[in-house]
Amino acid sequence: MDAPESNTEVESIPPEEVKQRIDNGEHVDILDARAESEFEEWQIDGDNVEIVNIPYFELLEGVSDEQLERIPKGDPTIVVCAKGGSSEYVAGQLLEEGVNAANLGAGMKGWARIYEYRELEVDTEATVAQYQRPSSGCLAYMVVSDGEAAVIDPLRAFVDDYIADARAMGAEIRYAVDTHIHADHVSGVRELAAETGARVVLPEPAVERGIEYDIDYQTVTDGDALSVGAIEVDVLHTPGHTSGMTSYLVDDAVLLTGDGLFTESVARPDLEGANNEAAREAAAELYDTLQSKILGLNEDVLIAPAHFSDAATPLEDGTYAARLGDLKTRMDALSMGRDEFVEFILSDMPPRPSNYEEIIGTNLGQQATDDEEAFELELGPNNCAASSDAMTSN
């Protein structure tokens, strides 16, 4: 049902402007008019955000005095819904009650289209760009050296961004790489390859899950390397989150860990196996991976994951990354014994990502999903870490 039209002219604020206000430390007041279940699954948050949820249908007949007491009085109060229609009507209702209100343009769908580019400060002559999707915590990377580029864990919704940025840096995208079969977002490796002629690169163990692509792809396994311009990207098989989980070590300086190790947590092990015993075996495999493949690397290697959660703290430059040595000091899980680690990881995992089975099917090529359906599937948080709280001490 379409929302009724407001008789009051309502200002529309672009999602990017709201994000900038939050990043600048400005206090932001929000009334989220979505259903309670949608609000609880994901919302706009931040240390300087005050947000209240009152579903739209409770405001159709006007705003009561009790509701006015609950609604934060901002400059303005930003009203949010899924697409921006219902929230525009509610903002008009608030304006009629004397509340300074505005509408979030395009709603939470608009929020989900924010995509930000930052560069890692890392000890290599290559450019390593980190792409951030604030709505879901998804991170992707582009490595550029001497006119060549590799894009790691690209999102299908943002393929045009990678192409435009590579062109601006005078680079040809040579590789479109996935660290594993993702369960929380739709991969863009095939679309990126189709647009640029890049070669799709997948971990060899991931193919065994049933890849059904209609284009050629290259597989890599532990010990392989990809040449990107003047630098080498070494392949490390790092199973645990999934059987095919693979990390990429860029010029011995930055490790793109996918969903194996985050800056605030470690991977959850239950998104591939069919039962609790499979999750337990994967958790033990994750422990072995961390101990034998990752923790022995140089402590100055920068760990750059494929996701960040609300519990993660960015570096001063706004990127989500951490020196391996710092993580070893701050994350107790990395110094546990094997049995203790397994029990700890399995003890309190968050809900599985929304629509994860459909997303996996799409990423395997077993399920046809158009662009709009793909975008809808991946709305919401990623939930790929073993804990929704930080495992780090600060």
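A106 comes out partly exposed, at 41% relative accessible area (buried is under 20%, exposed over 50%, partly exposed in between, with a 1.4 Å probe and protein chains only). This is a predicted model, so local features need pLDDT of at least 70 and side-chain atom pairs 80 or more, while totals for chains, interfaces and linings use all residues. Numbering runs from 1 along each chain as its sequence is written, and side-chain values use heavy atoms, with hydrogens and water left out.

Most residues other than glycine have a negative phi, and most peptide bonds are trans. A106 is not a glycine, yet its phi is positive, about 70°; it sits in the loop between β5 and α5 (helices are DSSP runs of H or I with at least four residues, strands runs of E with at least two, numbered from the N terminus). D252 also has a positive phi, about 55°, in the loop between β15 and β16, and counts as exposed at 56%. The peptide bond between D75 and P76 is cis, with omega about 5°, and P76 belongs to the loop between α3 and β4.

Then there is the helix pair. Helices α9 (276-294) and α11 (338-347) pack at about 125°, axes 9 Å apart (axes are lines fitted to C-alpha atoms over the stretch in contact, and angles run from 0 to 180 degrees between N-to-C directions). On the α11 side, F341, V342 and I345 are buried. The buried residues of α11 pack against α9 (contact means heavy atoms within 4.5 Å). Turned away from that buried side, D339 and S347 are exposed.
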